[in-house]
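Please find my notes on this model below, as numbered points.

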Amino acid sequence: MDFVSEWLSWSNLLYMVGLCIAGYATTVTAKNRNIIVQVGELVKALEEGLKDKKLTKAEKDRIMKEALDVAKAVIQSRWKLW
């Protein structure tokens, strides 16, 4: 009986809950990794385009392309079942 009481304690329960939350967070992050990458590319394009406080047509087109890539990644993520 002492063996079971050593394993079934509040601290072990909280540790298991923490592991489950960490596993879920890892799964969600891995699933949405493409969105994070695309947002990073959009921010980089915005930073490069706004360095001189003026946007050329080419810079606007690149920013729009990156914004559409973010939207595409979000849509693809939401339509996948797994």
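1. Helices (H or I, at least four residues) and strands (E, at least two) are taken as DSSP runs, numbered from the N terminus. On that basis the chain has 4 helices and 0 strands. The radius of gyration, taken over C-alpha atoms, is 22 Å, well over the 12 Å of the globule rule for 82 residues, so the chain is more spread out than a compact globule. That rule is 2.2 Å times the number of residues to the power 0.38.

2. This is a predicted model: local features need pLDDT of at least 70, side-chain atom pairs count only at pLDDT 80 or more, and totals for chains, interfaces and linings use all residues. Residues are numbered from 1 along each chain as its sequence is written, and side-chain values use heavy atoms, with hydrogens and water left out.

3. The C-alpha trace spans about 75 × 30 × 10 Å along its principal axes. Of the 82 residues, 13% count as buried (under 20% relative accessible area, with exposed over 50% and partly exposed in between; 1.4 Å probe, protein chains only).

4. W10 lies in helix α2, residues 10-31, and is exposed, with a relative accessible area of 69%. Together with L13, V17 and I21, W10 forms a nonpolar surface patch of about 460 Å² accessible area. Accessible areas come from the Shrake-Rupley method with a 1.4 Å probe; for residues, only the protein chains shown count as cover.

Note on methods: Patch = residues over 30% accessible without salt bridge, like charges linked within 9 Å, V, L, I, M, F, W, Y side chains within 5 Å. Salt bridge = Lys/Arg side-chain N within 4 Å of Asp/Glu carboxyl O.
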